[in-house]
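Subject: Structure for you to look at

Dear colleague,

I am passing on the structure we spoke about, and I would be glad if you opened it beside this email while you read.

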Amino acid sequence: MIMSWEIMRAYLPLYAKALLLVLKIGWIGIALAILIGVGCSMIRHFKIPVLQRLVSVYIELFRNTPLLVQLFFLYFGLPKLGLDIDAEVCGALGLALLGGAYMAEAFRSGLEAVEPIQMESALSLGMSRRQAFLHVVLPQAISISVPAFVANIIFLIKETSVFSAISLMDLMFTAKDLIGLYYKTGECLTLLVIFYLIILLPVSIVGSLVERRLRYAGFGD
Amino acid sequence: MRDLGIDVLFKGSNMLRLLEGLWVSMRISLISVVISMVLGLLVGALMTRKSKVVKWFTRIYLEIVRVMPQMVLLFIVFFGTTRVFGWNIEAEKAAIIVFSFWGTAEMADLVRGALISIPVHQYESAAALGMTELQTYVHVIIPQTLRRLIPLSINLVTRMIKTTSLVMLIGVVEVLKVGQQIIEANRTSSPNAAFGVYATVFLLYFIACWPISMLSRYLERKWC
């Protein structure tokens with residue numbers, strides 16, 4: 001089959017619009033996910049009563065269900081309780097909740113990987129608990145969990161491909177819509193792949209650069 | 001109290017239909033998992049070979065799977081092949097092809113990781129004891145590799161189950177689609193069914209995945 005450049009060029013603006021939407025929701029969702037994740041892992045790390053339990057339940061619930069089902073519940077289920085959520089907000093929220101649970105696990109294993117001796121040594125140097133945590137434990141935990149964070153970010157961007165199910169005009173929606181209208185399947189799918197590469201390749205490359213740059217924790221590896 | 005629309009589930013055979021829908025996703029993921037594990041073991045073992053060509057091929061393969069959303073791959077196989085090659089692949093088969101393609105890459109990466117995590121001295125010690133290469137693998141390397149591999153590959157099963165929810169978007173009638181049908185059918189008698197039904201689907205997925213996640217975590221703690 002021969003691809004037509006004319007057609008692809010004609011579709012470009014539609015895909016570009018969809019790309020912007022994905023970037024917008026994706027960036028908000030991922031930023032929130034990191035906040036939620038760090039917050040939750042702190043709560044678990046410092047063993048704050050009651051909240052700790054709630055956080056565990058949240059993490060297990062959202063790690064063990066697919067985003068598509070979560071979005072359906074948020075978008076179609078919650079309005080029945082009087083909680084009407086706009087599709088874009090719903091997409092960002094769903095991504096944030098799913099991502100938060102994954103980020104929390106990633107960051108927690110980072111915190112756990114810092115040996116207790118680090119904390120003890122810092123305390124013996126006369127640092128307060130707070131100083132020791134902020135200046136000794138936290139930087140190491142971050143650098144250990146960066147690879148998992150990068151993997152999660154890529155995972156979350158890929159997950160945005162289900163947004164079309166709650167009628168957000170993302171890349172999948174645009175591709176499916178155009179295929180349905182004009183039957184230019186080859187062109188539409190090629191553009192779809194290209195646009196996802198535009199988003200994900202830079203993230204993947206920058207991610208591995210950051211990983212290499214931050215690999216200072218853990219001696220002798 | 002507000003009507004939560006849970007009563008719909010107990011009308012007629014609605015709950016049974018939902019469970020049947022869940023089974024459709026489970027079937028797709030189980031078949032894909034089995035294929036992925038077998039192929040993943042082979043590809044993973046291949047990846048530890050020193051050949052440059054093999055390395056490049058597997059690298060590109062992994063990179064494609066890492067970067068492309070499964071949804072895009074589904075569209076390519078489901079819509080693309082029909083158009084370009086004139087194949088007419090059923091949605092369920094397309095899903096199995098895509099998830100196996102994805103799962104094989106994931107599994108291969110796990111296998112490779114487990115294989116290279118075995119220190120060289122294990123091979124050398126086995127050789128020093130006079131073991132042949134076959135004996136080394138059977139008695140020393142493979143048992144250690146499996147211990148690291150099993151928890152991670154069980155985890156892959158839950159990810160596979162969660163990913164199969166995507167098949168709804170290419171028209172397979174699975175649990176979410178059945179839920180939608182039930183809600184549509186009861187629109188007038190219980191307008192709030194969307195809440196009850198989607199909450200139930202959410203819980204069904206949780207009940208399906210959570211025990212598997214726990215098992216994986218337990219084994220990981222015990223063995224690694």
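Predicted model: local features only at pLDDT ≥ 70, side-chain atom pairs only at ≥ 80, totals over all residues.

The fold of chain B

Chain B contains 8 helices and 0 strands, so that its pattern, read along the sequence, is simply α-α-α-α-α-α-α-α. Its radius of gyration is 22 Å, whereas a compact globule of 224 residues would have one near 17 Å. Along the principal axes, the C-alpha atoms of chain B fill a box of roughly 75 × 45 × 25 Å. Of its 224 residues, 47% count as buried.

Where the two chains meet

How many residues of chain B are in contact with chain A? There are 38 of them, and they touch 38 residues of chain A. Between them the two chains bury about 3800 Å², and 72% of this area is on carbon and sulfur atoms. Across the interface, 11 residue pairs are in polar contact, both residues of each pair being at pLDDT 80 or more. The elements of chain B that give two or more residues to this side are α2 (52–67), α3 (70–84), α7 (175–185) and α8 (193–223). Among these, α8(B) gives the most, with 12 residues. The residues on this side of chain B divide into 26 nonpolar, 6 polar and 6 charged.

The count of salt bridges between chain B and chain A is 1. It is formed by Arg217(B) and Glu60(A), whose closest N and O atoms are 3.1 Å apart.

Salt bridges in the whole structure

Over all chains, the search finds 11 salt bridges. One of them joins Arg27(B) to Glu92(B), with the closest N and O atoms 3.0 Å apart. This pair links distant parts of the chain, since Arg27(B) is in helix α1 (residues 14–47) and Glu92(B) is in helix α4 (residues 91–116), 65 residues apart. Arg27(B) has a relative accessible area of 30% and is therefore partly exposed, and Glu92(B), at 23%, also counts as partly exposed.

Another salt bridge is made by the side chains of Glu106(B) and Arg159(B), at 3.1 Å from N to O. Because Glu106(B) lies in helix α4 and Arg159(B) in helix α6 (residues 133–163), the pair ties together parts that are 53 residues apart in sequence. Arg159(B) is partly exposed, at a relative accessible area of 32%. In chain A, salt bridges that share partners join Arg44(A), Glu105(A), Arg108(A) and Glu112(A) into one network.

Most residues other than glycine have a negative phi. Which value does phi take in Lys47(A)? It is near 50 degrees, which is positive, and Lys47(A) is found in the loop between α1 (5–45) and α2 (51–63) of chain A. With a relative accessibility of 57%, Lys47(A) counts as exposed. Phi of Ser167(A) is likewise positive, near 55 degrees, and this residue is placed in the loop between α6 (129–159) and α7 (171–182) of chain A. Ser167(A), at 45% relative accessibility, counts as partly exposed.

With best wishes

Terms used: Residues numbered from 1 in each chain as written. Chains lettered and ligands numbered in written order. Heavy atoms only, no water. Contact = heavy atoms within 4.5 Å. Buried area = accessible area lost by both parts, 1.4 Å probe. Salt bridge = Lys/Arg side-chain N within 4 Å of Asp/Glu carboxyl O. Polar contact = N/O pair within 3.5 Å; in protein donor to acceptor, adjacent residues only side chain to side chain. Helix = DSSP H or I, 4+ residues; strand = E, 2+ residues; numbered from the N terminus. Nonpolar A, V, L, I, M, F, W, Y, C, P; charged D, E, K, R; others polar. Rg over C-alpha atoms; globule rule 2.2 N^0.38 Å. Buried < 20%, exposed > 50% of the residue type's maximum accessible area, 1.4 Å probe, protein only.
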